Amino acid sequence: MEIDLKKVRKEIRKLKKLVTPEELNKVDVDKIENGDLRGFYSQLTGHFFSDRAYDLIVDTATLFYQDNGLGLTPRNKIIPPNFMTYPNSRNFTVLEVYMAYNHDKINHILKFLKSEIKQLNL
């Protein structure tokens, strides 16, 4: 699967401006590596269907993918309508998809979000 790295970078940079250090410290990389795609925003905020998760996703996401049972496909709309009210709709941000396929970059992304490093290398 080809992932638009410009959109991944854009989501990460937007997220860096909004996410708190406390939220970043909640992230468990092992869960993401084990396939919990939606777990990233859930871990940051405590619950995927929280107002905080909604705000972060709406303010940072640049592209959504949908799991249609046959694989992930890009969605025509940037933010699917009611994406948080249908837990079975299986929509993921481009960052969540990128992390699912690039486990070796998760810690690097977290270090960038925490301002431990200045250069974002994807």
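**Figure 1. Contacts across the sequence in the protein chain of the predicted model.** Among contacts between residues at least 6 apart in sequence, 62% join residues at least 24 apart. The chain contains 7 helices and 3 strands, and from the N terminus on its elements follow the order α-α-α-α-α-β-β-β-α-α. Of its 122 residues, 42% count as buried. The accessible surface comes to about 6,800 Å², and carbon and sulfur atoms account for 46% of that surface.

**Figure 2. The largest nonpolar core.** This core has 31 residues. Leu15, Phe40, Tyr41, Leu44 and Leu95 are the residues with the most contacts inside it. Two or more residues come from each of α1, α3, α4, α5, β1 (64-67), α6 and α7. In soluble globular proteins, nonpolar side chains tend to be buried together.

**Figure 3. Surroundings of Tyr41.** Neighbours within four places in sequence are left aside here. Tyr41 is in contact with Glu11 and Leu15, and also with Phe48, Ala53, Leu56, Ile57 and Thr60. Tyr41 and Leu95 both belong to the residues with the most contacts inside the largest nonpolar core, as does Leu15.

**Figure 4. Packing of helix α7.** Because 6 of its 8 residues are buried, α7 is largely enclosed by the rest of the structure. The buried residues are Ile106, His108, Ile109, Leu110, Phe112 and Leu113. They pack against α1 (5-18), α2 (21-24), α3 (29-33), α4 and α6 (94-101). Just after the helix, Ser115 takes a positive phi of about 65°.

**Figure 5. Leu122 in the segment after α7 (106-113).** Leu122 touches Leu5, Val8, Arg9 and Ile12, together with Tyr98, Lys105 and Ile109, not counting residues up to four places away in sequence. Between Leu122 and Lys6 the C-alpha to C-alpha distance is 9.6 Å, although the two are 116 residues apart in sequence.

**Figure 6. Ser50 in the loop between α4 (39-45) and α5 (51-60).** Ser50 has a relative accessibility of 18% and therefore counts as buried, the cut-off being under 20%. A polar atom of the Ser50 side chain lies 2.9 Å from the backbone oxygen of His47.

Note on methods
Residues numbered from 1 in each chain as written. Predicted model: local features only at pLDDT ≥ 70, side-chain atom pairs only at ≥ 80, totals over all residues. Heavy atoms only, no water. Helix = DSSP H or I, 4+ residues; strand = E, 2+ residues; numbered from the N terminus. Contact = heavy atoms within 4.5 Å. Buried < 20%, exposed > 50% of the residue type's maximum accessible area, 1.4 Å probe, protein only. Areas by Shrake-Rupley, 256 points an atom, 1.4 Å probe, with all protein chains shown as cover. Polar contact = N/O pair within 3.5 Å; in protein donor to acceptor, adjacent residues only side chain to side chain. Core = buried A, V, L, I, M, F, W, Y, C linked by side-chain atoms within 4.5 Å.
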